[in-house]
Amino acid sequence: MPHDHDHPHSHLPSDPALRVKALESLLTAKGLVDPAALDEIIDLYQNKIGPQNGAKVVAKMWSDPGFHKQMIEDPMPTLQEMGLYGRQGEHMVFVENTYDVHNMVVCTLCSCYPWPLLGIPPGWYKSDAYRARSVREPRAVLAEFGVTLPEGKKVRVWDSTAEVRYLVVPQRPAGTEGFSEEELAALVTRDSMIGTALAQEPEA
């Protein structure tokens, strides 16, 4: 059976950013999207919700053994109390990097991602290449992000789903004894909570 190529998506530009703009214009013209509401949602996730929420949680885990235990065992009640619960973050699991294991997160089926803790997912997280190669050759992918692990260190890849989303707790950098939670949070990046980076080292 011949394939009908005359679909709406065939008229969209190939560049993802241009495709988004074209779709936004189309939906706005049809009255299905309010541009002001869309801008407000984007601002919320980029600037107010963003990765700083996850960074604060990680910093508190590094500083407070009791809090750390709660988040590893069952984070959801505490996240709800903190107001870090909602769409795309209904069920979280925290996985911790150690001297023996490095964790990284992927969503092989689509782009499931913990928005309340990390904000909007980066473009590369949703790419076919990252989704496929992270499972097949995680060390090679990490190397491309600038992370070279010791030979004996295991890499564990966690596959997020619509039901469960993962957040990596990076190892606390050396030389941060006595740091406040705010100072520690500044060392935690979005990529380190996905597992494609390490926490930043403190300035000498």
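The model is a predicted one. The protein chain has ten helices and four strands, and 36% of its 204 residues count as buried.

**Chain overview**

- Read from the N terminus, the order of elements in the protein chain is α-α-α-α-α-β-β-α-α-α-β-β-α-α.
- Taking contacts in the protein chain between residues at least 6 apart in sequence, 65% join residues at least 24 apart.

**Helices α3 and α4**

- Helix α3 spans residues 52-63 and helix α4 spans residues 65-73.
- The two helices pack with their axes 6 Å apart, at an angle of about 125 degrees.
- The crossing of α3 and α4 is left-handed.
- On the α3 side, the contact is made by Val57, Lys60, Met61 and Ser63.
- On the α4 side, Pro65, Phe67, His68, Met71 and Ile72 take part.
- Sorted by class, the contact of α3 with α4 consists of six nonpolar residues, two polar residues and one charged residue.

**Lysine 56**

- Helix α3 also contains lysine 56.
- Lysine 56 counts as exposed because its relative accessibility is 53%, and the cut-off for exposed is over 50%.
- Between lysine 56 and glutamate 181 there are 7.2 Å in space, C-alpha to C-alpha, although the two are 125 residues apart in sequence.

**Helix α7**

- Helix α7 covers residues 128-136, and its buried residues are Tyr130, Arg131, Arg133 and Ser134.

**Serine 192**

- Serine 192 is located in helix α10, which runs over residues 190-194.
- Its relative accessibility is 0%, so serine 192 counts as buried; the cut-off for buried is under 20%.
- The side chain of serine 192 reaches the backbone oxygen of threonine 189 at 2.8 Å.
- Leaving aside residues up to four places away in sequence, serine 192 touches Val168, Pro170, Ala197, Leu198 and Ala199.

Technical notes. Residues are numbered from 1 along each chain as its sequence is written. This is a predicted model: local features need pLDDT of at least 70, side-chain atom pairs count only at pLDDT 80 or more; totals for chains, interfaces and linings use all residues. Side-chain values use heavy atoms; hydrogens and water are left out. Axes are lines fitted to C-alpha atoms, for helices over the stretch in contact, and angles run from 0 to 180 degrees between N-to-C directions. A crossing is left-handed if the near helix is turned anticlockwise from the far one by less than a right angle, and right-handed if clockwise. Contact means heavy atoms within 4.5 Å. Ala, Val, Leu, Ile, Met, Phe, Trp, Tyr, Cys and Pro count as nonpolar, Asp, Glu, Lys and Arg as charged, and the others, Gly among them, as polar. Buried means under 20% relative accessible area, exposed over 50%, partly exposed in between (1.4 Å probe, protein chains only). A polar contact is a pair of N or O atoms within 3.5 Å; within protein, one must be able to donate a hydrogen and the other to accept it, and residues adjacent in sequence count only if both atoms are side-chain atoms.
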